[in-house]
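This report concerns helix packing and salt bridges. Please consult the sequence and the structure below while reading.

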Amino acid sequence: MRVTSTISPGTLIDRRYRIQRVLGRGGMGRTYLVADERCFGDRCVLKEFLPPQMDGAVLKKARQLFEREARVLHQLVHPQIPRLLACFEEDGLLFLVEEYIEGQNYQALLDQRLATGEGGFSEAETICWLEEVLPVLEYIHHSHAIHRDISPDNIMRSRHRNCPVLIDFGVVKQAITEVRVQSPQQTLSTAFVGKVGYAPPEQIRMGQCFPSSDLYSLAVTALVLLSGKPPSELYDSRGMQWQWRENVRVSEAFARILTKMLAERPQDRYQSATEAREALASLARLHQSLVAMPPSTHAAIANIPSTHRRQNLLSPRSAIANIIPVATQSDAQISEVKVSNSKFYTQITAALSTLTAVILTGIIVGMRSPYIPFLCKPLNSCARDEEFQQFYARVLQKETTTRLLSRPPQTVEDLQNTRDRLRETLVQLRSIPDDVNVRSEAQPLVAYYRNELERVENRLATEKSAAEALAAIEQRARSVARATSLASTQRRLEQAKANWEDLLGQLEEIPDETFVGDRVRQLRGEYREQLNKVEDKLERQ
């Protein structure tokens, strides 16, 4: 295999992965759709990485970094992250094998909307999208990993899971790049990992990445989805600052969140996905409160003169702030306002009274909730939340450690052990009460382990069926062999021939990918040999 050539469809890699087609190309190598011939032909993604021409010592360092970063990916277990299935080297190339996510990336989804004239994503859609993506980043960053390459191309909308899935992590690319800049044949320009326009300044200029670097790239992606325009049209390269407000119409509160995520200095951004998530949650709760207001309140607000209110009412404070200019005008102006708008004060008083009632109700309800940080200590729920957070962490650590130390299933007993382990993990995760914070974080993993358990149980059923079928075939084959050895007439030889052909047909129905596959292939050879002997005897008759 030539390092610079595309691997041809039909090629078998690592004696296991059959190349089907090319999915993409990049500076680091190519991505292929492959079929795993040892696992019922399951579709996977094979990623090749092309290490530069370098001496033996540097190449050894490349392999070490590649394996180190691949190990980090292997420890990430989340339903919105493709599972890393294998990591190996063949013919001078480094390969990763990942779970195949069926669906479309968000760049393709955006292009479809623009082509039909629908336009970019709305503010509400983008907020919901961020609320789905931020928990994944939260998990990744808590696992001491950074994505490094967030863009619309690298976020898929999974057709089966109906949620965004982060793909194409840059950590392994970073490992290869770290070695490239050590090689005398490479220039420093190859040190950059990420996409121009999406990557933050510290990543482009110094190759440094922090959790806030992912948040920066995520905000740029959100702007592209909102505006339908590439980053180059939203950023003033001369002034070295973002100029997106004239292209994107969003509420002031949401704009402030995006602006903070896009800060040039990492320390000026949200320092974690959790902080950004909490800011969005506050915005969502406020929107829900406004939607929940009675019709009379909306009518009162709608009747406020446009000079006294903003187009987007975002909070009770903004309503009050828009009325303050009236109180600072001259007495004559105030009198004129009172005469011309006699109903105005009655309406705004009713609106503010209703808003106050909503806020007070929220506080009363909140006092019964363990999720409010400043109330959890008085309500004695912090310790309980912390207890289950630690329990959740222990469950995940145990499952991850067991999975990493265990070998791939080679026998039915291995599959049964995997099934029992998944069942135990599910029972533990489901035991987390509904009223603790970590419950919502655990739910996606409950769904993931439930799917894994279903897959293992299906595999066990297939293996059991194959083993039973093989046992029945071998038992019958012993009787057929005895009858064949005694056959001397043409009728008996023809019956023996039919029996061996039938046995071969039954063997063909047993999948080669099962644990008994090797035995099946061996018996096929033996039974064909018996069949050939019977046919020779018939020809001599």
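## Salt bridges and helix packing

Arginine 528 is partly exposed because its relative accessibility is 41%; buried means under 20% relative accessible area, exposed means over 50%, and partly exposed lies in between (1.4 Å probe, protein chains only). The model is predicted, so local features need pLDDT of at least 70 and side-chain atom pairs count only at pLDDT 80 or more, while totals for chains, interfaces and linings use all residues. Residues are numbered from 1 along each chain as its sequence is written, and side-chain values use heavy atoms, with hydrogens and water left out.

Side chains of opposite charge can pair when their charged atoms come close. A salt bridge is defined here as a side-chain nitrogen of Lys or Arg within 4 Å of a carboxyl oxygen of Asp or Glu. By this rule, the model has 28 salt bridges, including those in the table.

| Salt bridge | N to O distance |
|---|---|
| arginine 528 and glutamate 508 | 3.5 Å |
| arginine 524 and glutamate 508 | 3.6 Å |
| arginine 419 and aspartate 420 | 3.3 Å |

Arginine 524 lies in helix α18 (residues 517–540) and glutamate 508 in helix α17 (residues 490–508), so this pair ties together parts that are 16 residues apart in sequence. Helices are DSSP runs (H or I, at least four residues), numbered from the N terminus. Arginine 524 is buried, with a relative accessible area of 9%, whereas glutamate 508 is partly exposed at 47% relative accessibility.

The salt bridge of arginine 528 with glutamate 508 likewise ties α18 to α17, the parts being 20 residues apart in sequence. Aspartate 420 is partly exposed, with a relative accessible area of 37%. Elsewhere, Arg83, Glu99, Glu452 and Arg455 are linked in a network of salt bridges.

How do the axes of α6 and α7 cross? The axes of helix α6 (residues 211–227) and helix α7 (residues 252–261) come within 8 Å and cross at roughly 135 degrees. That makes α6 oblique to α7, because angles under 35 degrees count as roughly parallel, over 145 as roughly antiparallel, 65 to 115 as roughly perpendicular and the rest as oblique. Axes are lines fitted to C-alpha atoms, for helices over the stretch in contact, and angles run from 0 to 180 degrees between N-to-C directions.

In α6, Leu215, Tyr216, Leu218, Ala219, Ala222, Leu223 and Leu226 meet Phe254, Leu258 and Met261 of α7, where contact means heavy atoms within 4.5 Å.

How values were computed. Helix = DSSP H or I, 4+ residues; strand = E, 2+ residues; numbered from the N terminus.
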